[in-house]
Amino acid sequence: MEKLVLGYIGNGKSTNRYHLPFVLQRTDKFTVKKIYARHLEKKEWDRIEGVTYTDRIEDLYEDEEINTIVICTSSSVHYDYVKDVLSHGKNCICEKPFMETVEQAKECYGLAKKNGLVLACYQNRRFDSDFLTVQKVIESGKLGDILEVEMSFDYFRPEIPEHVKEYSWLSSYLYGHGCHTLDQVISYWGKPDHVHYDVRQTLGEGRMNDYFDLDLYYGVLKVSVKSSYFRIKERPSFVVYGRKGMFVKAKKDLQERDLKHFYMPDHADFGVDGPEDYGTLTYMEEGQYHEEKVVSEKGDYGRYYDAWYETIMHGAELLVKPEETLLQLEMLETGVKNLK
């Protein structure tokens with residue numbers, strides 16, 4: 001099998017926790033050749049054997065073998081790096097939040113099209129276990145027509161907003177976390193008929209945005225995306241209500257937890273729910289009440305890279321389409337526009 005040669009801009013948590021562990025599992029498809037890091041003396045992360053580390057970004061641009069460059073930096077510099085990568089004739093994957101504005105994203109997608117290249121946002125959370133399990137339950141038909149979906153991504157980390165003394169829309173909670181959950185909604189349900197925004201600075205004006213609750217409407221269906229830094233007990237990850245019953249998935253996908261503990265995808269039980277983590281499906285069928293546990297689907301962030309390989313090497317449809325990313329950015333911009 002022909003391999004796709006990758007380069008990375010950035011050598012921090014994003015590259016080493018959310019990308020490389022999955023790419024390095026797929027040595028039949030990918031070769032990681034070079035990683036650009038501004039400060040080579042910093043060695044918080046183990047160096048990978050066979051990979052060239054450089055503080056000269058031109059080493060990536062000038063390497064004719066490198067097909068795709070992955071940008072894993074602060075979102076404030078995504079725009080400049082993406083334009084740079086595309087101008088040097090490389091396909092590009094960029095971490096989320098993808099850009100600061102819709103206009104920046106449109107410009108970059110236009111440049112990619114002009115240069116005959118592929119550009120996409122890295123949306124690994126499409127392959128979260130809880131999200132995949134919810135899809136399985138919905139598609140089983142046991143809930144009947146779906147009326148409401150509640151998605152929550154909560155923390156109890158009051159020290160984060162309490163230590164931020166000035167407001168920045170780019171580092172807002174909506175931009176930092178809504179970019180995960182809103183993409184899940186858009187990827188499955190598409191463009192909503194309309195959206196209601198409740199985006200707050202609970203510590204007052206001039207402080208961090210630390211809460212959001214967005215309602216996306218699709219006909220009779222309402223999908224709510226909620227997050228807070230002040231939830232001492234997390235709300236369920238997903239609650240799905242249908243005409244015939246409901247499904248509750250309390251626990252989030254476990255891949256991030258395992259990665260934080262350096263328990264990597266080469267373990268067979270990496271990110272796998274145990275029976276205590278399974279969701280509960282409750283429904284009526286032919287007048288009979290049913291309640292059952294649903295075995296969780298296996299999450300795998302690496303499936304994003306599988307899809308990228310198929311797009312670049314075999315011309316398959318792009319997984320994360322430009323119109324999906326543009327729609328998400330429009331929602332993020334709209335959500336924070338009145339904050340100060």
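Eight strands form an open sheet of mixed pairing, in the order β8-β9-β10-β7-β11-β12-β13-β14, where strands are DSSP runs (E, at least two residues), helices are runs of H or I (at least four residues), and both are numbered from the N terminus; two strands pair if DSSP finds at least two bridges between them. The edge strands, each pairing on one side only, are β8 (194-200) and β14 (288-294), and the twist averages 10 degrees from one strand to the next.

The model is predicted, so that local features need pLDDT of at least 70 and side-chain atom pairs count only at pLDDT 80 or more, while totals for chains, interfaces and linings use all residues. Residues are numbered from 1 along each chain as its sequence is written, and side-chain values use heavy atoms, leaving out hydrogens and water.

Within the sheet, β11 (residues 238-242) and β12 (residues 245-249) run antiparallel and are joined by four bridges, with Tyr 241 standing opposite Met 246 in β12.

| Helix | Strands | Angle |
|---|---|---|
| α7 (residues 173-189) | lies across β7, β8, β9, β10 and β11 | about 15 degrees to β9 |
| α10 (residues 322-336) | touches β8 and β9 | about 50 degrees with β8 |

Ser 296, in the loop between β14 and α9 (303-314), is buried, with a relative accessible area of 14% (buried means under 20%, exposed over 50%, partly exposed in between, with a 1.4 Å probe and protein chains only). Leaving aside neighbours within four places in sequence, Ser 296 is in contact with residues including Ser 129, Lys 249 and Asp 273, contact meaning heavy atoms within 4.5 Å.

Methods
Axes fitted to C-alpha atoms, helices over the stretch in contact; angles between N-to-C directions.
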